[in-house]
Amino acid sequence: VEALSATRTLAPESLSQWIRESQADLRRIAHSERVSLNASPTLSTTALISEAYLKFVQADARFVDRRHFFATAAKAMRQVLLDYARMQVTQKR
């Protein structure tokens, strides 16, 4: 496993590998975010992790350490859930 603190920046390939290796922790965070925001069950935890990954890649995210990575992941997941909820409300109108 490539250490985040040693590299300061991860190439998309390394980020992808690190996310795969941290899947259990990311699933726990995704589930927690869905529960805390009372999110629609139609957006799965796997989809939430994938959307967070896309946000990281598009933003060329840089992480200082493991804690920073997971905090950023949680924030990205919250943003995805909020965007999804807004989209659902817009479609109902």
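You're looking at a predicted model, where local features need pLDDT of at least 70 and side-chain atom pairs count only at pLDDT 80 or more, while totals for chains, interfaces and linings use all residues. Residues are numbered from 1 along each chain as its sequence is written, and side-chain values use heavy atoms, with hydrogens and water left out.

Now switch to a cartoon view. You'll find five helices and zero strands, in the order α-α-α-α-α along the sequence. (Helices, H or I with at least four residues, and strands, E with at least two, are DSSP runs numbered from the N terminus.) Of the 93 residues, 31% count as buried; that means under 20% relative accessible area, with exposed being over 50% and partly exposed in between (1.4 Å probe, protein chains only).

**Stop one: the Phe cluster.** Select Phe56, Phe63, Phe69 and Phe70, which ring pairs link into a cluster. Rings of Phe, Tyr and Trp (its six-membered ring) pair if their centres lie within 6.5 Å; planes under 30 degrees apart count as stacked, over 60 as edge-to-face and the rest as tilted. That rule gives four aromatic pairs.

Zoom in on Phe56 and Phe69: the ring centres are 5.7 Å apart and the planes sit at 50°, so this pair is tilted. Phe56 belongs to helix H4 (residues 45-58) and Phe69 to helix H5 (residues 66-92), so the pair ties together parts 13 residues apart in sequence. Both Phe56 and Phe69 are buried.

Next, bring up Phe63 beside Phe69. Their ring centres are 5.1 Å apart with planes at 80°, so this pair is edge-to-face. Phe63 is buried, as is Phe69.

**Stop two: Leu37.** Move to the loop between helix H3 (23-36) and H4, where Leu37 sits. Leu37 is partly exposed, with a relative accessible area of 35%. Show its neighbours: leaving aside residues up to four places away in sequence, Leu37 touches Arg78 and Leu81. A contact means heavy atoms within 4.5 Å.

**Last look.** Zoom back out. Among the protein's contacts between residues at least 6 apart in sequence, 66% join residues at least 24 apart.
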